Each structure stands twice: as structure tokens, then as C-alpha cells.
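User: Please go through the arrangement of the chains in this model, one question at a time.

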Protein chains: 2
Amino acid sequence: MLDYSASAQSMRSSEIRRLMKLAADPSVISFSGGMPGTALLPVKIVDELFGALTSREREAALQYGPTSGYPPLIESLSAYLTSRGISLSGQELIITSGGQQAINLVSKVLIDPGDLVVTENPSFIGALAAFMSFQAHLVGVPLDEEGISIPGLQKVFDERLAQIKMLYLNPVFQNPSGVTYSEARKKALLEKLGGRAFCTIEDDPYSELYFDDRDKPLVTPLKAMASPELPICYIGSFAKIFGPGFRLGWLLGPQELVDKCELAKQSMDACSSTLSQVLAHAYLSKGKLPGFLASVRPVYGRKAGIMLKSLADSMPEGVTWTQPRGGFYIWVTLPESMDATRVFNEAIKKQAAFVIGNAFDPYGVKNNCFRLSFAHTPEEKIEQGVKIIAEAIRNTPNR
Amino acid sequence: MLDYSASAQSMRSSEIRRLMKLAADPSVISFSGGMPGTALLPVKIVDELFGALTSREREAALQYGPTSGYPPLIESLSAYLTSRGISLSGQELIITSGGQQAINLVSKVLIDPGDLVVTENPSFIGALAAFMSFQAHLVGVPLDEEGISIPGLQKVFDERLAQIKMLYLNPVFQNPSGVTYSEARKKALLEKLGGRAFCTIEDDPYSELYFDDRDKPLVTPLKAMASPELPICYIGSFAKIFGPGFRLGWLLGPQELVDKCELAKQSMDACSSTLSQVLAHAYLSKGKLPGFLASVRPVYGRKAGIMLKSLADSMPEGVTWTQPRGGFYIWVTLPESMDATRVFNEAIKKQAAFVIGNAFDPYGVKNNCFRLSFAHTPEEKIEQGVKIIAEAIRNTPNR
């Protein structure tokens, strides 16, 4: 039952929903949605893949599939993960209804009310909501430009290690900050995690979206670097490398845990859309992914560049922001005394929008910051939107 | 966390999965799966609908949609439900990832560990698993040929009314029994429910699949007959009227409750497949449903007829079965002293399979019964499969 944490979540969620609704007005220049640009959806590829399905595949697409996933997709996805340097040996891989469901399944299996879930601060709103819906207690560890703070993590270990059930991380092009862990930070983190029994969730939806091919080494998953004994659940998604509308993700992790997740999925939605899975398998097995990624990476890079330049050109003194090397997001920090909701209320008058910072704070409090997504906004509107927000900041009185 | 009830569920579930795996061997004549016949999937209709999508719809299909559902589908589905005699006034309708997710969402919102959920006995395995995953206590009320036993229900009310959180019913062409509530039973039931505060879930995936048009009055939903104040959650599915592979269902119920379910869905899978929803909307709005149903109803009716005749021809004395007027299932009852798992073990040697009765017993015990599904088995194999099972019954010693 959704009780105390849910009602806090519900209040925050309803405030955020109110702001998101305002941002959804088509006349608003919105940097709110964490979704691909419409022009970057693989409409033609899907047409082609659909047209080339065999009659057997067409039938399979309309029928139930195994809860663990459409077997040919499990196979083509395994090949993809192997190509990313991830060993599947001793691990179990299941298809989920988006990365969101993978997070929810691990939470359902592991979290008892009151258990500690440690996250980056700021962290992904959908994960926070899932953890809270199982009545977890959230502990946020600060994120700096190289990743989660190791002293910050050590402090939680020192004080509350026994109560930690999960550590949730999004190490590459993080949502909402755009931060990517440095190699040194990843190594220090893995060292710190060595021998720990709690489950680490590595959520990795954005890592294929680097702007510059030379940054490819940056996106190596923790799962590919870690010792096989470390209980890491590696979660990925087709949302940003194919399309969100398929609602497909995956969960790769220790066999026993993922088997329990499969059991939980059985009573959650029986299986993920087979239609989506048949198309995702065709997409991977026909080698369409690399070409698609090559076509979208420079576009996202250009959008990010325009946004970064606009921020540099128009933001008042005292405002800082991150420098993403991929993904969808830039994180803007205002002077301590300012409140992002008040800035939002100013900006929306002139029809620009973003997501306020406290949505991403595990404690739901810190709000002198906000998330800009450049992914969905048409290029030619980015500068204007940023200017409106800069103006709104100037017009917002301090608290 | 999945604990005590989950481990019971897990044990039963792993036994059932073991039997289902045996049944999945393609050389086995299987009456196990509750899924449409492959030849009855609307492959051509989907090709046609996909080909006719506008470029706007193609884009929408690949993008995120609102958690509550793709708005045009909400509209076309509302029209469909209205045509089924259901009033939407004061109610909230959301799209779910199959009927299974709708059951799960209501459970997530309502069930605290130890709460009572009352079900028919036998009842749908997927619902039982969902309730148990939230640590509900299950109470089964016997089902007779006219529906749930009213004295049986009264007994639970007399003894434990205050602890009841939910009543779960599948009144039309019930899974697993094939039983349909008589009009008199529905009225008696609604009278008994009048003024009760607990939530009634009416799960209604099969009602469009009557074999004979004259039976149409039988399939009127409780939701269409009940007073608007009665808290009934009406759950439906596209699995049997379009295709399971879309993974689409719906939940219609009291606004406040369904709003909470929407919030829970947000952290469960964010939204259901938009690709599926765009196609389901095209299917409904282009009027394809009635023609499809008209084409499959006689086929299911014929299959049921063959199975009923085969049962009459081959079953030994003391074995009884239900007479479905629609849907997918026949429920077979063996003499008290017999055990369906032992019959299964005999039948599978000769390559015929079904689902054992205790899978559907809320207490996981009663096993002198089993479910036959005629929906997925090729017509020409039904008689042979039933003969094998009849022979297996003859060869199974009593306990």
C-alpha cells in the first residue's frame, strides 16, 4: 500500500506534474522532457523493419512471449552487451518494460519498508519514485564533476552500512546532471564496493549518446570493469537508442536475484510487448543500431553546444552549469539564496520551461538548481529559451 | 520484498513452470496456454493498420506517451466501453500494460500485508500471484455453474468483513472454469455488495468471445449493472480482442483510486507501449473490432464443441466438466480421490498437457481438477489430446 512515503511522493509528484503540465503547452519552449527529439526517432527504420518481418515473426509479435523476454532478442541483446565489454557468464538477462520497470523489479524484490537506498544527489526522479513506493529511506550522496563523492559514500558506510539494501548509480551522462564518472572515480568506487553485499544498480540509458567518438572510453560500464562477484544489476533501455514508444529495457545481474525479478514481473505485466521485442530484435540483428547512433550523436552534440553557448552568453553572474559530453541534460545551479520554482514561475510567463531541482533531490528539498534537457527542443529555439530563463533568473528576487 | 507468501508462491510457481515447460514441447498436444490460436491473430489487420498510420502517428508511436495512456486511445476506448453499456461518468480510465498490470496496480495501491482478498475458487493464477506478491491473505469462495456462491460470500462477510480489502471476480467465461454468472446471480451479488466499502475488481477479458450471438445478454458487465457508487474496478484487455503481444489492457474505476494507480504506474513502467497504443486506437477507431470478433467467435465455438464432444466420448465415469458458452476454457473435475499432477505425469508421457487444478486454488491445495484450454490447439488435434488425457486418467491410480 502506498502510505507515508507515497503521500510525500504524491505531494511532490503533483507539484511537479503541475509544472510539467504548464511546460507541455505547445507554445512553450520546453527543456523539461527527457525524451528524444521527434525528428530523431527512427520512423523510417521501423517502417523498413516492420515491412521485412517474416510471417512467423508477425505472428510471434502478436502473441504472448516468455516473461523473461523474446528469445531471439535475448540473443541479439546478449551479443550487443558482449560487444560493450560486459561478460554474461554467471549472469541472467531479462527484457523489461523500459528501464523503469527494471528498477521497479529490483526494488520489489529487495526493499523492505525502512531499508536504506543510497543514491547520487541529484538523482533520477523515476528511480526515486520507485524506491519511495516501496517505502525505502533515501540517502543522497553528493555528485561532483567526476562522479559520486567517495568520502560521501564512505561516510554513509561508516554510519549506516548494515541498513543499506541498494546503491543506485547512473554513471554516464547522468540524469539530471549530465555528469560522467571519470575512470579514476570508477576505479575508486569499485574498490570501495569490493566485498560489499548490497546490490548496486547501474542505470545506463544514455551511454551510447556521446557527442565525440574520442569520448567512447568514458562510457565503459562499471559492470564491464567490476569483478564478476560484485552484485551489480546493469540496467539499460531501448528508449534512447531506438525509441521510448517500444517500452523496452533490460536487467542483467546475479542469477538468483534476476530470477526473483522474473517471478515478480510475471505478476506485474506477464511479459513485455512482443511486438516491440520482435522489432527490437530485427533492429539489433540487422545491424541498424550503429548507423542510427552515428546519425543522432552529432545532432545531440550540436544541440548541447548551442545550449552551452547560450548559457555562457546570457546567464547572470553566480549561475553555474555542467558540461555534458553526451546524453540529454545540463544541470544549472543558482546562487544558494535562489529558488528554482520562483524562476520557473517567471520563465513560464514568457513561455520557457525546465524541471526544478528538488524533483531530483532524494530529500525533496534542495531547489537552487534545475535541469535543462536539450534533446527534444528544436535547435532554433534553444537560444531563445535559454535567454528567457536567464531573464527570469534576473527578475526573480532572492528568498 | 517478496517474503513468506512469495516463497509459497515461488514453490508453487516453480512446480507449475516445470509442468508448463514440459507442455511447451512442440510435439505435445497442449491445452495449457490461455492464449489465442496462432491462426486467429489479426496479422493482416495489423499490417493494414500499420501501413495506414499517418507520419504524425508514426512519430507518436515511437515516443513516450502520458502515463494514463495515449489520449486518442482513451477516447476510442471510452466510446467502446460506452457501447458496452458502461457509464464513464465520475470514473477514471487508464491504459495499462495488459490486464495483469491493472490487477497489480490496484493491489499495489490497496493491499497491506495481511489484508484479505476474496476470490472465486478456482481463480485466475495471475491475479492470485499478484495478490500474494503484496502479502495478501487469500480467501476463496466456491464457484458453481451460475457464479460465485452467495451463501459462501455471506459466510466470509459474517466472519471477516472488516479485514476484506478486495473482492476479485471474473464473471464471464471465467478463467479457469469457463463459468458465466447468470443474470440472477449477478443481481444477488450486487445486492450483497450494496453499501460495502471494499473494492470489487471485475476482470473481464473474455466477454466478447461468446460462441452464439444469442448469448450476448449473458456478457453484460457487473459494472454496467451496478449503482455508480459501488467501488468496482473494471479491468479489460486487448489480449483476446486484438492480440496479447500488444500488452494492453485498461482500468476503469473510482477517480481517486485510479489516480493513485496512475501514480504507481508512473514508477512501474512510466507508460505502456505507445506503438501498441497507436495501433489499438487505429483498430478501434477504424471499426475493425466487430469484424475481427465475428471472424473468431465461430472458430472458438467450434473448438469448444469438438472438445466437449471428445470429453463426452472418452472420459471415464466419475469425471465431470463445465459447459462454457464462450472464452477459452473447460474445467474438468476428477473423483475426489484423484490427483491431477499424477494424471499430468501420465498424460505427458503420451504427449498431451493441461494445467493442474491447484494452480488456481487460492489455497494452492485442491488438485482433483484441471483446466483445459481449447483456444490455442489446432482443431484437428483436440480429439486426440482429450483421448490421451482420458486414457491417462484411467491409468492413474487413486491416491
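Analyst: Copies are superposed by least squares on the C-alpha atoms of residues with pLDDT of at least 70 in both, where pLDDT is the predictor's confidence in each residue, from 0 to 100. This is a predicted model in which local features need pLDDT of at least 70 and side-chain atom pairs count only at pLDDT 80 or more, while totals for chains, interfaces and linings use all residues. Residues are numbered from 1 along each chain as its sequence is written, chains are lettered from A in the order in which they are written, and side-chain values use heavy atoms, without hydrogens and water.

User: Which residue of chain B comes closest to the rotation axis?

Analyst: Chain B is superposed on chain A by a rotation of 180° with 0.0 Å of shift along the axis, at an RMSD of 0.0 Å. The two copies are thus related as by a two-fold rotation axis. At 3.6 Å (C-alpha), the residue of chain B that comes closest to this axis is B:S273.

User: What percentage of the contact residues of chain B recur in chain A?

Analyst: Taking contact as heavy atoms within 4.5 Å, 60 residues of chain B are in contact with 60 residues of chain A. The same surface serves both copies, and the share of chain B contact residues that recur in chain A is 100%.

User: How many residues does α5(B) give to the side of chain B that touches chain A?

Analyst: Helices here are DSSP runs (H or I, at least four residues), and strands are runs of E of at least two, both numbered from the N terminus. Several helices of chain B each supply at least two residues of that side, among them α1 (4–23), α5 (98–110) and α11 (274–285). The largest share comes from α5(B), with six residues.

User: Which residue of chain A meets B:R58 in a salt bridge?

Analyst: A salt bridge is a side-chain nitrogen of Lys or Arg within 4 Å of a carboxyl oxygen of Asp or Glu. By this rule the interface of chain B and chain A has two. In one of them, at 2.7 Å from N to O, the partner of B:R58 is A:D47.

User: How many residues apart in sequence are the parts tied together by A:D215 and A:R325?

Analyst: These two residues form a salt bridge with the closest N and O atoms 2.8 Å apart. A:D215 lies in the loop between β7 (199–203) and α9 (222–225) of chain A, and A:R325 in the loop between β10 (320–321) and β11 (329–333) of chain A, so the parts that the pair ties together are separated in sequence by 110 residues.
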